[in-house]
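Here are my notes from going through this one. Have the viewer open while you read, and follow along point by point.

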Amino acid sequence: MQAKGKRQLDQSVSIRYRVPDSVIQCQNFYCALSPLLPYFNRSSFTPPSCRVVSMQARSLYVVFLLLVASFAIYANAAYNVTIDEVLETSKNLVSFIEIEKGCMISEVHMKPTNPSQNLAALWIRALFHDAGTYQPNDTAHPGGMDGSLLTYAGMKEHLGLQNSLATLFLLGRTTLSDPDVLALAGLATIKHCGGPSILFEAGRVKAAEPVNPTGRMPEDTDSYAHIKSRMTAMGFTPQEMVLLISGSHTMGGTHVGISPHLTNSSFVPFDSTPGVFDNDIFKQLVAGRCQTRIDCFLSQDPTLKPFYEKYANDSIAFFDDYTAAMLKMLRLPPRPLNAVIDSDGHVHLEVPVHTNLVAEGTVNVSSLPPVRTSVPGESSATSLRALNGLIIAMISVLLLVFATV
């Protein structure tokens, strides 16, 4: 029975890997290749002169395997991050925001002329602007967390990040890759400013050909349908959209230098705790205080309101679900990443919570915008669309009149 089973296995293998007769004619070629096919049934297609493989060919094969293995080990070790390197880089990053009001307005590291002085919020924003270019259908240039943001920080899609991207301070001062620094800066900020401790995974490689964000990065000025379509194409569910977009607006606010279509002020906070990573943003959105068009669209969508109400009343659920959604975003495009684990098996960042966090990061509710019943800028956009429709209709009538004369 064993012989029969073995014979059947050999037949199936030889059929699957059968080589055309025209190729078998290249005897010298196959004599060289035959050592590379040790698991195939070579007798089914190897010319008689190759049946006995020379010791020289076998030696070359062993050398070939050793070279391949050595290259694989070298390539794998070329970017091998230790827990000490991660903790040291994390410590250096946090040093920028652990100063007084570091989770709020950074007057030490950010110049008043910068579009935004919300250093902590900018580090979180940088995550989205690097990952936001992900396009799964573009296999050659998928985008995602690949450091392309640093090349195209001056583009309009990244308005405000060119002069305010504080992660540029660390580039070249750590063994971590650029996209890993971006990821670590965002996660360290979230934890330091009161948010959840999120697993840091290393192994992202900077794109050899950085991805241009034009047409790929969702913007607040886009239609709701377009933004939903882009987020869906990236693989996110409606709940994850709520978490990643509105949930991340728990830090910072709007600025005239970044969002002139929303405000004329240098800074208007998203919620009453713009310097604290908490669930107050959901409380404000449930109450109708939305500033960005996308927050208004999402929070006023009847199918999504249950999520807003849930997170407004349950900060633990918000932290847990946000952690899962953020990890999903940081893993774009899908690729092998390594969790950085210390000797005790800890996988989360050892980042202290900011001193006087709530006191420094809270503002008076009166500084928030009033309750909205419509999307900011949408009424004017609707009027403009109506005007365009009227003009087109008038032109059509004139063309019809001239055609009948």
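**Notes on the fold and its side-chain pairs**

1. Let's start with the core. The largest nonpolar core takes in 77 residues, and those with the most contacts inside it are Phe-200, Tyr-322, Met-326 and Met-329. Helix H6 (residues 119-131) gives this core its largest share, 10 residues. As background, nonpolar side chains in soluble globular proteins tend to be buried together. Keep in mind throughout that this is a predicted model.

2. Now the overall picture. The protein chain has 16 helices and four strands. Of its 405 residues, 45% are buried. The chain exposes about 21,000 Å², with carbon and sulfur atoms supplying 59% of that area. If you take the contacts between residues at least 6 apart in sequence, 71% of them join residues at least 24 apart.

3. Back to Met-326, one of the residues with the most contacts inside the core. Which residues does Met-326 touch, once those up to four places away in sequence are not counted? The list is Leu-127, Phe-128, Leu-187, Ile-190, Ile-198 and Leu-244.

4. The Thr-323 side chain reaches the backbone oxygen of Phe-319 at 2.8 Å. Leaving out residues up to four places away in sequence, Thr-323 touches Pro-196 and Ile-198. Ile-198 also turns up among the residues that Met-326 touches.

5. Next, helix H13, which spans residues 305-313 and has Tyr-308, Tyr-311 and Ala-312 buried. Why do these buried residues line one face of the helix? Looking down the axis of H13, they fall within an arc of 105 degrees, so one face is what they line. What do they pack against? The partners are four helices: H10 (238-246), H11 (280-286), H12 (293-299) and H14 (315-330).

6. On to charges. Side chains of opposite charge can pair when their charged atoms come close. The salt bridge count here comes to eight. I went through some of them in the next points.

7. The side chains of Lys-156 and Glu-157 form one of these salt bridges, at 3.4 Å from N to O. Are the two partners buried or exposed? Lys-156 is exposed, at a relative accessible area of 56%, whereas Glu-157 counts as buried at 5% relative accessibility. There is also a network of salt bridges here, linking Lys-156, Glu-157 and Glu-219.

8. Asp-178 and Lys-206 also meet through their side chains in a salt bridge, at 3.0 Å from N to O. This pair links distant parts of the chain: Asp-178 belongs to helix H8 (residues 178-192), while Lys-206 is in the loop between strand E1 (201-202) and helix H9 (224-233), and the two are 28 residues apart. Asp-178 is buried, with a relative accessible area of 18%. Lys-206 counts as partly exposed at 35% relative accessibility.

9. Then look at Arg-331 and Glu-201, whose side chains meet in a salt bridge at 2.8 Å from N to O. How many residues apart are they? The answer is 130: Arg-331 lies in the loop between H14 and strand E4 (338-339), and Glu-201 is in strand E1, so to speak a link between distant parts of the chain. Arg-331 counts as partly exposed at 34% relative accessibility, whereas Glu-201 is buried, with a relative accessible area of 9%.

10. Finally, two prolines in loops. Pro-218 is in the loop between E1 and H9 and counts as buried at 18% relative accessibility. Leaving aside neighbours within four places in sequence, Pro-218 is in contact with Gly-132 and Arg-230. The C-alpha atoms of Pro-218 and Arg-230 are separated by 6.8 Å, with the two residues 12 apart along the chain. Pro-112 is in the loop between helix H5 (83-94) and H6, and counts as exposed at 72% relative accessibility. The C-alpha atoms of Pro-112 and Ser-266 are 9.8 Å apart, and the residues are 154 apart along the chain.

Methods. Residues numbered from 1 in each chain as written. Predicted model: local features only at pLDDT ≥ 70, side-chain atom pairs only at ≥ 80, totals over all residues. Heavy atoms only, no water. Buried < 20%, exposed > 50% of the residue type's maximum accessible area, 1.4 Å probe, protein only. Arc of directions from axis to C-beta. Contact = heavy atoms within 4.5 Å. Core = buried A, V, L, I, M, F, W, Y, C linked by side-chain atoms within 4.5 Å. Areas by Shrake-Rupley, 256 points an atom, 1.4 Å probe, with all protein chains shown as cover. Polar contact = N/O pair within 3.5 Å; in protein donor to acceptor, adjacent residues only side chain to side chain. Salt bridge = Lys/Arg side-chain N within 4 Å of Asp/Glu carboxyl O.
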